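Q: I would like to learn how to read cavities, disulfides and aromatic contacts in a structure. Can we go through them one by one?

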Amino acid sequence: MDLGLRSLTATAFMSLCALLPGTATSQSSADQQPDLQGLWTNDTYTPLERAVELGDKAFFTADEAAAFLASRLADLHGQEADDIHYDDAIWQAETYAKVANRRTSLIVSPSNGRLPPLTPLGESRLPQQRATQRANAAATGAQSRSLGERCISWGNVGPPMVPPTYNANLQILQAPGLVTIRHEMMHDVRLIYLDGRAHPSPSVQWLAGHSVGRWEGQTLVVDTANFTSRTNFRGSPANTRQDIFASERLHVVERFTRTGEDTIDYAFTVEDPDTWTAPWSGEMEVRRVDGPIYEYACHEGNYGLANILSALAAEKRAAK
């Protein structure tokens with residue numbers, strides 16, 4: 001069976017089990033492993049990279065954190081009247097409140113809270129990568145637009161899981177030998193195999209990589225490889241560098257540790273010797289939410305991509 005089809009089949013089975021009474025199983029009851037199941041959000045205004053002017057200041061004071069949150073909320077509700085894309089305050093609203101975070105960046109290493117410098121090879125890829133972003137006015141077809149505009153991947157699934165602008169919600173399901181993470185945006189699903197299997201040949205690739213895991217005490221450790229080079233880094237355009245793509249040599253290690261009834265500590269380390277001069281690490285809190293997780297039917301009633309391409313075609317005709 002094709003690996004992608006097998007993943008979809010396993011995902012469908014896990015989702016069905018979660019919905020049928022009496023069939024959902026947790027690791028804590030199935031094989032005495034910690035229970036990470038539930039509906040969660042990694043929503044945050046904390047940027048991936050720290051503002052340069054903050055230097056090595058890793059944490060705000062409580063008052064500074066509250067002020068930072070207030071400033072972001074003011075921006076959200078202070079949208080200009082002639083900004084007609086959509087109303088951010090409605091579009092990005094959730095059933096839970098935004099919360100203050102004392103961290104000044106999701107990145108905790110290097111100490112400046114910023115991505116390491118690009119390698120020469122990483123630098124050499126930038127012109128082509130930037131040409132695939134939203135600002136690409138020379139687009140000739142859907143394939144020349146970003147994966148986000150094409151409703152294929154927003155990049156927030158990662159790994160690492162950096163929150164998108166909105167719909168930063170996910171569901172964790174567990175069964176013996178398998179953990180499934182179902183994301184609301186763009187309805188992506190990750191399978192994490194706990195049965196001792198190795199990663200397949202590097203020639204077999206996924207946008208979100210291939211994940212295998214193990215338990216170290218109360219912590220789920222997930223090792224992911226077998227990425228493609230087609231998903232940019234990552235998450236909300238307001239919080240994340242969208243102009244950098246990792247390579248096929250990307251390797252990510254994540255650690256999920258239940259820290260309370262309603263919290264999971266999520267930590268990760270990223271390395272890619274063809275992109276960054278050194279590994280880098282981040283950490284954030286994942287919070288329980290009531291849910292539910294909705295289907296993100298990106299193409300249903302979506303005229304954006306067709307209108308972008310038709311407008312570009314019209315401009316080219318007018319210029320002749």
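Q: Which classes of residue make up the lining of the largest cavity?
A: Start by sorting the lining residues by class. In this predicted model, the largest cavity has 5 nonpolar and 2 polar residues in its lining, and no charged ones. The residues are Tyr45, Thr46, Phe68, Leu69, Val99, Ala100 and Asn101. The space inside is about 40 Å³.

Q: How many cavities of 30 Å³ or more does the structure hold, and what lines the second largest cavity?
A: There are 2 cavities of 30 Å³ or more. The second largest cavity has a volume of about 30 Å³. Its lining consists of Leu207, Phe227, Thr228, Thr231, Arg234, Ala246 and Leu250. By class that gives 4 nonpolar, 2 polar and 1 charged residues.

Q: Are cysteine 151 and cysteine 298 buried or exposed, and why is the disulfide left-handed?
A: Both cysteine 151 and cysteine 298 are buried. The handedness is read from the torsion about the S-S bond: for cysteine 151 and cysteine 298 this is about -60°, so the disulfide is left-handed.

Q: How many aromatic pairs does the structure hold?
A: The structure holds 8 aromatic pairs. One of them brings together tryptophan 276 and tryptophan 280, with ring centres 5.5 Å apart. For the geometry, look at the angle between the planes, where over 60 degrees counts as edge-to-face. The planes of tryptophan 276 and tryptophan 280 are at 75°, so this pair is edge-to-face.

Q: Why do tryptophan 276 and tryptophan 280 count as buried?
A: The cut-off for buried is under 20% relative accessible area. Tryptophan 276 has 2% relative accessibility, so it counts as buried. Tryptophan 280 is buried because its relative accessible area is 0%. Trp276 and Trp280 also form one aromatic cluster with Phe256, Tyr266 and Phe268.

Q: Which rings have the charged end of an arginine over them?
A: Here one reads the distance from the ring centre. Arginine 197 lies over the face of tyrosine 193, 3.7 Å from the ring centre. Arginine 288 has its charged end over the ring of tryptophan 40, at 4.6 Å from the centre.

Terms used
Residues are numbered from 1 along each chain as its sequence is written. This is a predicted model: local features need pLDDT of at least 70, side-chain atom pairs count only at pLDDT 80 or more; totals for chains, interfaces and linings use all residues. Side-chain values use heavy atoms; hydrogens and water are left out. On a 1 Å grid over the protein atoms alone, a cavity is a set of points where a 1.4 Å probe fits but cannot get out, and a pocket is an open set with protein on both sides within 12 Å along at least five of seven lines; lining residues have an atom within 4 Å of a point. Grid points are joined across faces, edges and corners, and a volume is the space filled by probe spheres set on the points. Ala, Val, Leu, Ile, Met, Phe, Trp, Tyr, Cys and Pro count as nonpolar, Asp, Glu, Lys and Arg as charged, and the others, Gly among them, as polar. A disulfide is a pair of cysteine sulfur atoms within 2.5 Å. Buried means under 20% relative accessible area, exposed over 50%, partly exposed in between (1.4 Å probe, protein chains only). Rings of Phe, Tyr and Trp (its six-membered ring) pair if their centres lie within 6.5 Å; planes under 30 degrees apart count as stacked, over 60 as edge-to-face and the rest as tilted. A charge sits over a ring if NZ of Lys or CZ of Arg is within 6 Å of the ring centre and within 35 degrees of the ring normal.
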